[in-house]
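Biologist: Hi! I've just opened this one and would like to go through it with you. Could you put it up on the screen?

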Amino acid sequence: MNQAQRERLSAAGIDVDQALERMMGSQALLERLLQKFLEDQNFALLTKALEERNLDGAIAAAHSLKGVCGNLSMAVLFPLFTRQVEALRQGDWGQAEALMEDIRPAYAMVVQGIRGIADDRCS
């Protein structure tokens, strides 16, 4: 991972140094897990569960996203999903849905940052 890729990920809200520490310094592992994040369906499942007011589905998807974001040091998304899981567990639909206003753009920023490092490799 070159400096431009690290900066792109940092700008997207990922603490690259902390993530690499979790990966025992393996940049290849971090890159592989970031690519898997792009394939993860939990964000779509969360959105659908919230629309359908499916509490169990929303909790499961938000909790999964919280864990992945924590493990990948996604410093912006992790606390948002943490708050959302808490709101859902308390049955506070209003708060859980309101958090999506912050989650959606933060999620899009992370996805764009990860895709950007893949684009950097291809060019």
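**Helices, core and loops**

Biologist: Which residues of H5 are buried?

Modeller: The buried residues of H5 are Ala58, Ile59, Ala61, Ala62, Leu65, Cys69 and Gly70. Buried means under 20% relative accessible area, exposed means over 50%, and partly exposed is in between, with a 1.4 Å probe and protein chains only. Helices (H or I, at least four residues) and strands (E, at least two) are DSSP runs, numbered from the N terminus.

Biologist: Before we go on, what kind of model is this?

Modeller: This is a predicted model, in which local features need pLDDT of at least 70 and side-chain atom pairs count only at pLDDT 80 or more, while totals for chains, interfaces and linings use all residues. Residues are numbered from 1 along each chain as its sequence is written, and side-chain values use heavy atoms, with hydrogens and water left out.

Biologist: Thanks. Back to H5: what span should its 17 residues have?

Modeller: At 1.5 Å a residue, they should span 24 Å, and the end C-alpha atoms of H5 are 24 Å apart, which agrees. The expected span is 1.5 Å times one less than the number of residues.

Biologist: And what caps the N-terminal end of H5?

Modeller: Asparagine 54 does, with a side-chain oxygen 3.4 Å from the backbone nitrogen of aspartate 56. H1 has a cap too: a side-chain oxygen of asparagine 2 lies 3.1 Å from the backbone nitrogen of alanine 4. A polar contact here is a pair of N or O atoms within 3.5 Å; within protein, one must be able to donate a hydrogen and the other to accept it, and residues adjacent in sequence count only if both atoms are side-chain atoms.

Biologist: While you're on H1, which of its residues are buried?

Modeller: In H1 (residues 3-11) they are Gln5, Arg6 and Leu9. They cover an arc of only 100° around the axis, which puts them on the same side of H1. The arc is that of the directions from the helix axis to the C-beta atoms.

Biologist: How about H4, which residues are buried there?

Modeller: For H4 (residues 42-52), the buried set is Asn42, Phe43, Leu46, Thr47, Ala49 and Leu50. Seen down the axis of H4, they fall within an arc of 165°, so they line one face of the helix. An α-helix has 3.6 residues a turn, so residues three or four places apart point the same way.

Biologist: What does leucine 46 contact?

Modeller: Leaving aside neighbours within four places in sequence, leucine 46 is in contact with Ala58, Ala61, Ala62, Leu65, Phe81, Gln84 and Met100. Contact means heavy atoms within 4.5 Å.

Biologist: Is methionine 100 buried or exposed?

Modeller: Methionine 100, in helix H7, counts as buried at 2% relative accessibility. Beyond four places in sequence, its contacts are Phe43, Leu46, Thr47, Leu50, Gln84 and Pro105.

Biologist: Let's switch to the core. Which residues of the largest nonpolar core touch the most other members?

Modeller: Of its 39 residues, those are Leu30, Leu34, Phe37, Leu46, Met74 and Leu77. H2, H3, H4, H5, H6 and helix H7 (93-122) each give two or more residues to this core, and the largest share, 11 residues, comes from H7. A nonpolar core is a set of buried Ala, Val, Leu, Ile, Met, Phe, Trp, Tyr and Cys residues joined through side-chain atoms within 4.5 Å.

Biologist: Now the loops. Where is serine 73?

Modeller: Serine 73 sits in the loop between helix H5 (55-71) and helix H6 (77-89), and its phi is positive, near 55°. At 3% relative accessibility, serine 73 counts as buried. It touches Gly13, Ile14, Asp15, Gln18, Ala19 and Arg22, not counting residues up to four places away in sequence.

Biologist: And methionine 24, is that buried or exposed?

Modeller: Methionine 24 is exposed, with a relative accessible area of 79%. It lies in the loop between helix H2 (16-22) and helix H3 (27-39), and has a positive phi of about 55° although it is not a glycine.

Biologist: Last one: how many helices and strands does the protein chain have?

Modeller: The protein chain has 7 helices and 0 strands. Its radius of gyration is 15 Å, close to the 14 Å that the globule rule gives for 123 residues, so it is as compact as a globular protein of that length. That radius is taken over C-alpha atoms, and the globule rule is 2.2 Å times the number of residues to the power 0.38.
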